[in-house]
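Please look over the sequence and the structure below before reading on.

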Amino acid sequence: MDKILVEGGFPLRGTVEVNGSKNAALPILISTLLTDQRCTIRNVPNLRDVDSTLSILEELGMRSERSADGAIEITEEDRSPYTAPYDHVRRMRASVCVLGPLLARRGKAKVSLPGGCVFGVRPIDLHLKGLRALGAQIRIHHGYVEAEARRLRGATIYLGGPFGSSVLGTANVMMAAVLAEGRTLIESAACEPEIVDLAEFLVKMGARIRGIGTPRLEIEGVRELGGAEHSIIPDRIEAGTFLIAGAITRGDVVVKGARIDHLTAVADVLHSAGLYISAENDAVRIHANGKIQPVDVTTLPYPGFPTDLQAQMIALLCCADGISVVTEKIYPDRFIHISELGRMGANIRKEGPSAIVIGVRELSGAPVMASDLRASASLVLAGLIATGETEIHRVYHIDRGYEKIEDRLQSLGAKIQRVTEE
Ligand code: EPZ
């Protein structure tokens with residue numbers, strides 16, 4: 001198992017290029033189940049979660065090939081399989097999104113029910129409610145969702161839940177509705193850029209979708225979809241993580257390819273924390289001058305501040321000149337990083353769905369344990385500014401969502417390396 005060693009205290013300077021978005025790539029790859037024609041997806045990041053998605057697709061009869069330039073070509077070889085087993089879904093929750101496309105095109109789906117995860121219960125009731133509204137017969141049996149439908153039928157579906165819209169719920173139901181008979185109206189649809197990217201790919205395949213990027217999606221079902229080519233949008237969470245790396249080390253970092261229009265809330269919060277952030281041609285630049293100011297941050301569905309940058313933001317605010325309150329409105333229990341940051345000298349108290357972050361003069365390097373993807377990123381960021389050495393264990397979490405993070409931070413001047421543990 002690998003670990004990452006970071007020696008803190010070096011301001012990051014230079015340019016780093018952002019990769020394609022993981023959370024856009026996963027449902028888009030899955031949506032190729034909707035056609036028997038070849039699809040070419042470009043700018044797909046080279047990540048463990050992408051490999052997992054391709055192996056599920058393989059089980060489902062799809063053949064894929066990755067070319068040297070990062071493009072993935074996918075073609076259907078066998079339309080008969082319809083089962084996504086526990087072993088796959090357990091490793092990656094996004095695989096539950098095969099439900100919609102399998103139902104819509106193969107009339108049947110058997111998908112392991114995903115369990116909870118380190119940031120709490122993560123139900124899929126909204127996915128199932130949407131698919132049932134489209135006419136699917138669904139039962140939960142021996143830990144599996146078993147779904148059937150001869151042909152789905154358009155319906156009006158309200159997809160809002162107790163924590164707002166659902167990103168993958170919207171993806172799942174939208175992918176089913178594009179092949180349903182008649183018109184579907186999804187109210188309270190997720191507006192995240194990753195959902196916009198998926199919808200735009202579906203339109204290229206021949207789907208008829210209006211209201212893309214708004215909470216009201218109108219879908220006119222078609223009988224079949226064709227192959228299409230698409231380039232995945234840049235990863236706004238990876239870009240945000242690099243921007244916070246520049247901020248925490250009081251450096252000057254340019255994230256090439258990042259889209260400022262996808263990062264409005266993040267830029268606003270960083271600006272309030274006293275950072276200089278600007279859009280430059282095809283890039284976003286951050287530079288620091290002086291102290292980090294405390295800020296209050298609340299995570300919300302897009303265009304609000306993303307929950308996937310909450311842990312990284314807490315790492316930054318650990319070094320602010322005062323007290324910040326970070327409130328988690330998507331996953332109220334997504335605070336597992338707090339205790340590991342505490343081992344590095346951070347002063348954070350959890351109160352309900354909020355973290356009260358009291359800025360400290362310095363963090364000190366320590367052995368810490370990665371627990372999930374974004375929590376791991378926050379430990380790397382804290383390591384960049386801590387005195388001495390930080391040793392991050394279980395870094396396979398970070399490899400799910402950041403490609404070669406140590407090489408890319410190294411190119412900005414960080415003292416970071418990966419070591420293979422015995
Ligand atoms: C997506 O997960 C992302 N994953 C997550 O990114 C991200 O944290 C999350 O959206 C929120 O932005 C992928 O895109 C692969 P949700 P998703 O359904 O779609 C509740 C990362 O680090 N809910 O939008 O599963 C749910 O419990 C990952 O890259 C229901 O109540 O999240 C949560 O409170 C982790 N019922 C809220 O809605 C449902 O049926 C939003 O979750 C579904 C969700």
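This is a predicted model: local features need pLDDT of at least 70, side-chain atom pairs count only at pLDDT 80 or more; totals for chains, interfaces and linings use all residues.

Residues are numbered from 1 along each chain as its sequence is written, and side-chain values use heavy atoms, with hydrogens and water left out. The ligand lies between domain 1 (2-19 + 234-420) and domain 2 (22-231), because both domains give residues to the shell around it; the domain bounds come from an automatic or database domain assignment.

**Ligand surroundings**

- The ligand is surrounded by 24 residues, where a residue is near a molecule if one of its heavy atoms lies within 4 Å of it, and the closest are Asp-125, Ser-166, Leu-168, Asp-308 and Ile-330.
- By class, the shell holds 13 nonpolar, five polar and six charged residues, with Ala, Val, Leu, Ile, Met, Phe, Trp, Tyr, Cys and Pro counted as nonpolar, Asp, Glu, Lys and Arg as charged, and the others, Gly among them, as polar.

**Ligand contacts and cover**

- Oxygen atoms of the ligand are placed 2.7 Å from a backbone N or O atom of Leu-168, 2.8 Å from a side-chain N or O atom of Tyr-331, and 3.1 Å from a side-chain N or O atom of Arg-122.
- Of the 830 Å² of accessible area that the ligand has on its own, the protein covers 91%, with areas taken from the Shrake-Rupley method with a 1.4 Å probe.
- Two or more residues of the shell come from each of α1 (22-31), α5 (125-133), α6 (167-177) and α12 (373-385), and α5 gives the largest share, three residues; helices (H or I, at least four residues) and strands (E, at least two) are DSSP runs, numbered from the N terminus.

- The centres of domain 1 and domain 2, taken over C-alpha atoms, are 30 Å apart, and their contact (heavy atoms within 4.5 Å) takes 24 residues from domain 1 and 18 residues from domain 2.
- Between them the two domains bury about 1,900 Å², 55% of it on carbon and sulfur atoms, where buried area is the accessible area (1.4 Å probe) that two parts lose on being put together, summed over both.
- On the domain 1 side, Tyr-302, Tyr-331 and Arg-400 lose the most area to domain 2, together 30% of what that side buries.

**Backbone details**

- Tyr-302 is joined to Pro-303 by a cis peptide bond with omega of about 10 degrees, and Pro-303 lies in the loop between β18 (297-299) and α10 (310-317).
- Ser-188, in the loop between β11 (183-187) and α7 (193-204), has a positive phi, near 65 degrees, in a residue other than glycine.
- Asn-281, in the loop between β16 (276-280) and β17 (283-287), has a positive phi near 45 degrees and is likewise a residue other than glycine.

How values were computed: A polar contact is a pair of N or O atoms within 3.5 Å; within protein, one must be able to donate a hydrogen and the other to accept it, and residues adjacent in sequence count only if both atoms are side-chain atoms.
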